[in-house]
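This report concerns a helix and its surroundings. The sequence and the structure follow.

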Amino acid sequence: MAREQTEAIIDVLYDASREKPKKKPRTYRKTARKGYLKVSKKRRPTKKQREKAIKKQLKYIERNLAHIEQLEKIAGFQNLSIQQYKNLLVVAEIYRQQLWMSENKSNRIDDRIVSITQPHIRPIVRGKAGKPVEFGAKLSVSYVDGYVFLDRLDWNNFMNLVTWNYK
């Protein structure tokens, strides 16, 4: 998805550029899509296959971000819609996070982005049957004399979610 977003941004910036470069930057869309589908269609890809596919996709995104940087000097970001510009910033952060995780052989990073359109959402591992992971805000509420008070609302994890006060 992030790679496709960068490809759409390249299209917009190339079409809007005043002094068009001789050739449109190569994005290898079909090759990248085939490589992605090759792994995503497998029922259970091995860790090695998954890591290799992620590294390839990261290289495509790196290349696209470099093309966007060059086209920005010619056309400027004013031709992008507000949503496309926000998506570009989020994609750059996702690229940084995924590259760090790939280089450090890690599966976690603080404030990991899991959605391009809603980068503030964090996954919550609940361990329920059917839906082991949920998305949304965590709430801390208290009930006093028939009234319910919202003590805390946060998209990130927080400790001491519920404080019980027995009388």
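Helix α1 has 15 residues and reaches 21 Å from its first C-alpha to its last, close to the 21 Å expected at 1.5 Å a residue; the expected span is 1.5 Å times one less than the number of residues. Helices are DSSP runs (H or I, at least four residues), numbered from the N terminus. The model is predicted: local features need pLDDT of at least 70, side-chain atom pairs count only at pLDDT 80 or more, and totals for chains, interfaces and linings use all residues. Residues are numbered from 1 along each chain as its sequence is written, and side-chain values use heavy atoms, with hydrogens and water left out.

Buried residues of α1 include A2, R3, I9 and Y14, where buried means under 20% relative accessible area, exposed over 50% and partly exposed in between (1.4 Å probe, protein chains only). Their cover includes α2 (29-40), α3 and α4.

T6 lies in α1 and is buried, with a relative accessible area of 1%. Not counting residues up to four places away in sequence, T6 touches N64, L65, I68 and V91; contact means heavy atoms within 4.5 Å.

R26, by comparison, is found in the loop between α1 and α2 and is exposed, with a relative accessible area of 55%. Leaving aside neighbours within four places in sequence, R26 is in contact with R63, N64 and H67.

| Partners | Distance |
|---|---|
| T6 side chain, N64 side chain | 2.9 Å |
| R26 side chain, Y28 side chain | 3.4 Å |

α1 and α2 pack at an angle of about 170°, with their axes 11 Å apart. That makes the two helices roughly antiparallel, a label for angles over 145 degrees. R3, E4, E7 and D11 of α1 meet R29, A32 and R33 of α2.

The largest nonpolar core has 19 residues, and I9, L13, I61, L65, I68, L88 and I116 touch the most other members. Such a core is a set of buried Ala, Val, Leu, Ile, Met, Phe, Trp, Tyr and Cys residues joined through side-chain atoms within 4.5 Å. α1 (2-16), α3 (47-75) and α4 (82-103) each supply at least two residues of this core, and its largest share, six residues, comes from α3.

Note on methods. A polar contact is a pair of N or O atoms within 3.5 Å; within protein, one must be able to donate a hydrogen and the other to accept it, and residues adjacent in sequence count only if both atoms are side-chain atoms. Axes are lines fitted to C-alpha atoms, for helices over the stretch in contact, and angles run from 0 to 180 degrees between N-to-C directions. Angles under 35 degrees count as roughly parallel, over 145 as roughly antiparallel, 65 to 115 as roughly perpendicular and the rest as oblique.
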